[in-house]
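Colleague: I have a structure open and would like to go through it with you. Can you put it up?

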Amino acid sequence: AFEGFNKKSESIPKVDKILSGSAPVMQKIQKVAEHYVENKEALKPGLRQEEKSIFAKLENIAVQTKDKKIHEVIDKSEASDIFAKLKKISSKRKS
């Protein structure tokens with residue numbers, strides 16, 4: 001599924017699908033974080049420099065939510081901020 005994903009790819013596999021879903025923002029952030037950690041070795045080499053910090057933050061969230069609920073790790077405003085950054089990354093890749 002990740003074959004061919006690189007810095008020039010128009011999307012990050014599965015991330016756009018999660019972001020456009022109907023789940024609440026907190027759930028979307030948790031899903032993207034879990035997806036990234038599960039597929040980190042395949043995704044990390046294809047991330048652009050400006051994307052790496054947000055995905056490092058997602059990795060941290062995924063690690064923390066193994067023992068805690070998402071709302072104990074980040075608040076809604078931080079989740080909304082991460083969501084906005086992910087949407088911006090997604091739109092930049094498409095253009």
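Colleague: Start with Lys28. Where is the place of Lys28?
Modeller: Lys28 sits in helix α2, residues 25-38. Helices here are DSSP runs of H or I with at least four residues, and strands are E runs of at least two, numbered from the N terminus. This is a predicted model: local features need pLDDT of at least 70, side-chain atom pairs count only at pLDDT 80 or more, and totals for chains, interfaces and linings use all residues. Residues are numbered from 1 along each chain as its sequence is written, and side-chain values use heavy atoms, with hydrogens and water left out.

Colleague: Is Lys28 buried or exposed?
Modeller: Lys28 is buried, yet has no salt bridge. Buried means under 20% relative accessible area, exposed over 50%, and partly exposed in between, with a 1.4 Å probe and protein chains only. A salt bridge needs a side-chain nitrogen of Lys or Arg within 4 Å of a carboxyl oxygen of Asp or Glu.

Colleague: Which side chain of opposite charge is nearest to Lys28?
Modeller: Asp16, and that is 11 Å away. Lys and Arg count as positive, Asp and Glu as negative; His and the chain ends are not counted.

Colleague: What is Lys28 in contact with, then?
Modeller: Leaving aside neighbours within four places in sequence, the contacts of Lys28 are Ile18, Leu19, Ser20, Gly21, Ser22, Ala23 and Phe83. Contact means heavy atoms within 4.5 Å.

Colleague: Back to Asp16. Which side chain does Asp16 meet in a salt bridge?
Modeller: That of Lys94, at 3.6 Å from N to O. Asp16 is in helix α1 (residues 15-19) and Lys94 in helix α6 (residues 76-94), so the pair ties together parts that are 78 residues apart in sequence. Lys94 is exposed, with a relative accessible area of 53%.

Colleague: How many salt bridges does the structure hold?
Modeller: Four. One of them joins Glu59 and Lys40 at 2.7 Å, N to O. Glu59 belongs to helix α4 (residues 52-64) and Lys40 to helix α3 (residues 40-43), so that pair links distant parts of the chain, 19 residues apart. Glu59 is partly exposed at 24% relative accessibility.

Colleague: And Asp81, what does it form a salt bridge with?
Modeller: Lys85, with the closest N and O atoms 3.4 Å apart. Asp81 and Lys85 are separated by about one helical turn, because they are four residues apart in helix α6. Asp81 is partly exposed at 36%, and Lys85 is partly exposed at 39%.

Colleague: Changing topic. Where does Val15 lie?
Modeller: In helix α1. Val15 counts as buried at 4% relative accessibility. Not counting residues up to four places away in sequence, Val15 touches Val32 and His35.

Colleague: Now the whole chain. How many helices and strands are there?
Modeller: Six helices and zero strands.

Colleague: How much of the protein is buried?
Modeller: Buried residues are 40% of the 95. Of the contacts with a separation of 6 or more, 69% are between residues 24 or more positions apart.
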